[in-house]
Amino acid sequence: MSNGRTVLVTGGAGYIGSHCVVSLQEAGYDVVALDNFTNSVIGSDNQSMALKRAEKITLKPITFYKCDLLNKDDIDEIFVKHKIDSVIHLAAMKAVGESMQYPMMYYKNNLIGMINLLEVMEKYDCFTLVFSSSCTVYGEPESLPITEEKETGRRVTNVYGKTKYFIEEMLKDVSHSNEKWNIIALRYFNPVGAHPSGLIGEDPTKQFTNLMPFISQVASGKKPSLTIFGNDYDTPDGTGIRDYIHVMDLATGHVAALAKLEKQHLNIKMYNLGTGKGVSVMELITTFEQINNVKVPFQVEPRRAGDISEMYADPSLAEKELNWKATRSIQEMCSDFWKWQQMNPDGYKTIITNGHHK
């Protein structure tokens, strides 16, 4: 059943976007999605392969537009065609390493894309926004776990994180200048896993990728070994510690944020989305091996520029105010991702017909 509300999801064809779309549709929203396929897979018909799969999961249609937020006229056209009630803004370039190599590309795409979107939203009287921020805005933490009160900006170690920080600052200024704005910025910790159906998951289009796809590609024999960057951190096993959150928990977090904005005018508010528990790179590899009965050979290389040693959330504010909590375990993250990898050895390029590979 539709609740009669239409959400625009930018970056909807991406890893997090496609899982969010599923949760939004299951919560009764009508979804309009846009993506420029910088970081997602395009089908021969110019449509999103991930969103075609999402439609299989929810049995509901998704309206999709190939659109780049740097082209304001294209965004405008979508708002002309649809009465958009709210926006979930996920579209951004997001690789820490790449951002250090190509800073201008990151500033241009992430900041100007946001500005264009805000201007079009304002033009069409749409002031409800959930922004995909990041725990990188906190930089190297002085103490753990990280609460939303912690200072942001000053200790940010990479360009990607700076773009998220600058956008948060921009959103604060915009919301103070016009009280109609109602914004939640969700500071994600480290999303992993896949939809339990195995139909949608993470299919990286770039070499700058996340840890879990690398682990599973090594486990499946596609890559010879995993590279661990740094085993000399001040952590129990020397490898970096992160707060890994199941992508479906992250998706329900967006639904909870929208529900909050529909009930209450917040102006602007920030929430951490994480589990509150740190897991080291070594622990993640070991869990993946055990739960999926596979081997993941690895080698250690020096630390990367911009990486920090330890990071995990205090997610209690989201639990208290959004009525949301991460419920899926690290074991589920590993088994769901492996199911996706096995069903889709070549990512979305694997064609599934009637549940069988072709």
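Biologist: In which loop does Asn323 lie?

Modeller: This model is predicted. Helix H10 covers 316–321, and helix H11 covers 330–343. Asn323 lies in the loop between helix H10 and helix H11.

Biologist: Is Asn323 buried or exposed?

Modeller: Exposed means over 50% relative accessible area. Asn323 has a relative accessible area of 71%, so Asn323 is exposed.

Biologist: What is the phi of Asn323?

Modeller: Most residues other than glycine have a negative phi. Asn323 is not a glycine, yet its phi is positive. The value is about 60°.

Biologist: What is the omega of the peptide bond from Leu144 to Pro145?

Modeller: Most peptide bonds are trans. The bond from Leu144 to Pro145 is cis. Pro145 sits in the loop between strand S5 (128–134) and helix H6 (159–177). The omega of that Leu144 to Pro145 bond is near -5°.

Biologist: How far apart are the end C-alpha atoms of helix H9?

Modeller: Helix H9 has twelve residues, 281–292. At 1.5 Å a residue, they should span 16 Å. The model agrees, with the end C-alpha atoms 17 Å apart.

Biologist: Which helices and strands do the buried residues of H9 pack against?

Modeller: The buried residues of H9 include Val281, Leu284, Ile285 and Phe288. The partners of the buried residues are helix H7, strand S8, strand S10, strand S12 and H11.

Biologist: Over which residues is the pLDDT below 50?

Modeller: The protein averages a pLDDT of 94, and 97% of the residues score at least 70. Where pLDDT is low, the predicted coordinates should not be read in detail. The stretch with pLDDT below 50 is residues 354–358.

Methods:
Residues are numbered from 1 along each chain as its sequence is written. This is a predicted model: local features need pLDDT of at least 70, side-chain atom pairs count only at pLDDT 80 or more; totals for chains, interfaces and linings use all residues. Side-chain values use heavy atoms; hydrogens and water are left out. Helices (H or I, at least four residues) and strands (E, at least two) are DSSP runs, numbered from the N terminus. Buried means under 20% relative accessible area, exposed over 50%, partly exposed in between (1.4 Å probe, protein chains only). pLDDT is the predictor's confidence in each residue, from 0 to 100. Contact means heavy atoms within 4.5 Å. The expected span of a helix is 1.5 Å times one less than its number of residues.
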